[in-house]
Amino acid sequence: IHERATSIISRVMDLPREEALLVINRECDNNDDLRKAVMDLYNSITPAANPENASGDSKTTIKRINQVDKGTSFVLREWQGKVIENKQIRLAILTISLLLLLALGLSIRMQVRRMLINDTVRHLEDQLYSQYIRMHEWITAGKSNIQALASDPVVIEIAKECDSLQLTDPSFSQLRQYEKEGIFYKQFKGAPSFTRVTSGIISKEGARILTGLYRRDYVVDSLAGIRLGKDLYDAYLEGRNKTVFVKPLSEEETIHGMPDTTNRWIICVFFAPIKDREGKLLGVLFTTHLANNEFSDILSSIHFGKRGETYAFDKQGRMLSSSRFLTDLRKMDFFKLAENDESIYNVILKNPGVDLSKGLVPKKTGMPLHFVKPVQDLLCQLETAEPSDTLLYGSSNRAYRNYMGKLVISRWMWWRKYEFGIITEVQLSEALRTLKYFDYAFLLLYVLILGLSYLLFRSNVKIFRAGKKIKDIQQLGHYKLKEKIGEGGFGEVYRAEHAFLKTPVAIKLLKKQFNGTDMLDRFEKEVKVTSSLMHPNTIRVFDFGTTREGQFYYVMEYLNGLTLDKLVQKQNNLPLNRGIHILLSTCLSLQEAHNSGLIHRDIKPGNIMLCNQGGECDTVKVLDFGLVKSVNTDKSDQTQLNRIGGTPMFMAPERLRDPYNTDQRVDLYSIGALGVYMFSGKYLLELVSQKMLSGEPTIQSDFKSQLINRDDIPEELNNLLLKCLSFEIEKRPERIEEVIDQLDKLSFKYRWTRKDALKWWQEYDVYG
């Protein structure tokens, strides 16, 4: 009960009596023993209250609460009637309804959009499957043709003759001569005709061409003796045993040592073994096809809408077929295509980040462009795919930018057997072309509703005037209020900023009920006193004034941090070196006030703030000079309101006897109480009560030396705090300089470094 009672007392000490009694009643609930302990302790430390009437005040407060509860239902019924008559409330309800209608429309639009995209993806999937079937049939037909050609007697005889000549003519000179004279060409004319780029026979022993037919625009004199390129060599080895198809490759990759003057074509290659009647391998027949002819024609024959496209690609992100928009690509500087250049192998499927068709240029950030999403998805799938997966599929329901920077959705497949894939895509705008009709209909409906709302409330000019008044209230001089950050018994504190400089400040505003009272004198005095103090550990005051309603306010620096009481609640027992740093900084602030003939009289954890100010962590600021007194002030000139001002937990005992006490040592007592609170985590009153309940005879006994139950507290610090806490004024330090000197020596021995402070603040304030 004692622990709960002291906890409740610590929370209500700074509250007005009526508010304190309400909190006590709520916290004690039906526990009469707890309520009695709390009220006894509360009445013993609040001399302004009459203990005899305390219980009566409490009962009166409880009765008032019950009356309020009984009248709640009546108030609610009365409020419901006023809602219908109040234009402002009706306007608010209508506004909320319009917002809900807008949210509903947007939700329906999102559903329609999702349905259109899913439907488009299904169409793309059907189209992709159709392209796959046609490509598979073309490859199968090509294999059948070359198999038939490899079985032709004429081709077999040519292969035998070339194989024999190779054995006697390792330099291929005779084979080249025969090719120039067209001897083999005349024999080939008896076989099925070739309508390819090149066709010929490869040696069974090594990857070298024995003879062949080629287009007349070839610059080479003869194919005989030319070696196959490295990318075609593995396919040739496989073609010694079966018919093979090779995806589009450039001639630099297919033929080794091709002269630079040779025209560059991208070709598909078919291989088939040539065998005699006994099944003996004589050579490997090959035929080639231009990728921009039949291969590309199959993919471009079917597309989705006006801006859809289907094309082939490889693992390196290169386009392997002709683009449907080749003419547009040649006009874009990004691709650097000449007038006769093809998109095959010259277009890399990377996301430029912008729509290139609009003349935009990708930003130069120094980072390479990423592949388009289908290529990225393929590379991820290849890492986890099973060897048995012959086909890989994927789709991109979310729009992404393709190689031209257009927003598209797509469906793709990868043919692992032939190491190339097919992408079929359509621009997002075309997939959602029907969505615009929904947008037009909803927009028209919404405009009609807004028009009707305007007609209903066109006379509500007063609402806008009231809104302007509220805005004026939020403007105090050159400062705009942002949010309320604190409230005391007499004033409210707001976070604000300068209207022009945008400098963050804090504004303390006197409550309306204290206009014309002595509290106004206290506020004016607090401004004058605080503005005269310049120490870095004292909060700075910038400005003051009054509102249109006559409320007094003053402007002070806005502090980014937390009060000492919140720090102790968060960290419980403070580290020794940090506590010494806080005490020393507080004393340095008070030193300036004392030297100016001023006494703070309300030093407590709530008036000590630790800030991260301009990167200087643990900057201590002393706040609230509202109870400050001058040592030279006569009693007749002192404020009569709140005569025993301050917080009893940290108040020197002589101030209870003499509220006008202006001895500087009342602040030193508060420094001692502050140190005990920091290093023990409990109020002095709480520690004394516990000692007395444990059997200590009087508060003058030696138990005070054991108030701080910590082994790391040095004796000199403990003695200093006890000396400050002495109930006899003469035994306390005479001047604050004595305390500063001792704390200064301790701070050298127990240093709280910038690094220590920065580490704590980085953990506490991760965004700061």
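## Report on a predicted protein chain

Val568 is part of helix α19, which covers residues 564–571; helices (H or I, at least four residues) and strands (E, at least two) are DSSP runs, numbered from the N terminus. This is a predicted model, in which local features need pLDDT of at least 70 and side-chain atom pairs count only at pLDDT 80 or more, while totals for chains, interfaces and linings use all residues. Residues are numbered from 1 along each chain as its sequence is written, and side-chain values use heavy atoms, with hydrogens and water left out.

Val568 has 3% relative accessibility and therefore counts as buried. Here buried means under 20% relative accessible area, exposed over 50%, and partly exposed in between (1.4 Å probe, protein chains only). Not counting residues up to four places away in sequence, Val568 touches Leu574, Tyr677, Met678 and Gly681; a contact means heavy atoms within 4.5 Å. Val568 and Gly681 are 113 residues apart along the chain, and their C-alpha atoms are separated by 6.3 Å.

**The chain as a whole**

The protein chain has 26 helices and 22 strands. Of its 768 residues, 47% are buried. Among contacts with a separation of 6 or more, 63% are between residues 24 or more positions apart. The accessible surface comes to about 41,000 Å², and carbon and sulfur atoms hold 52% of that area. Accessible areas come from the Shrake-Rupley method with a 1.4 Å probe; for residues, only the protein chains shown count as cover.

**Salt bridges**

Side chains of opposite charge can pair when their charged atoms come close. The structure holds 28 salt bridges, each defined as a side-chain nitrogen of Lys or Arg within 4 Å of a carboxyl oxygen of Asp or Glu. Three of these pairs are listed below.

| Pair | Closest N and O atoms |
|---|---|
| Lys160 and Glu157 | 4.0 Å |
| Lys502 and Glu497 | 3.8 Å |

Arg578 is buried, with a relative accessible area of 0%, and Asp618 is buried at 2%.

Lys160 and Glu157 are three residues apart in helix α7, so about one helical turn separates them. Lys160 is partly exposed at 34%, and Glu157 is partly exposed at 46%. In the remaining pair of the table, Lys502 is partly exposed at 46%, whereas Glu497 is buried at 18%. Elsewhere, a network of salt bridges links Lys484, Glu487, Glu492 and Lys511.

**Backbone angles**

Most residues other than glycine have a negative phi. Phe172 has a positive phi, near 65°. Phe172 sits in the loop between α7 (153–168) and α8 (173–181) and is buried, at 2% relative accessibility. Lys336 also has a positive phi, near 55°. Lys336 is in the loop between α13 (326–331) and α14 (373–384) and is exposed, with a relative accessible area of 70%.

**A buried asparagine**

Asn612 belongs to strand β20 (residues 608–613) and is buried at 17% relative accessibility. Leaving aside neighbours within four places in sequence, Asn612 is in contact with Asn560, Cys617 and Trp761.
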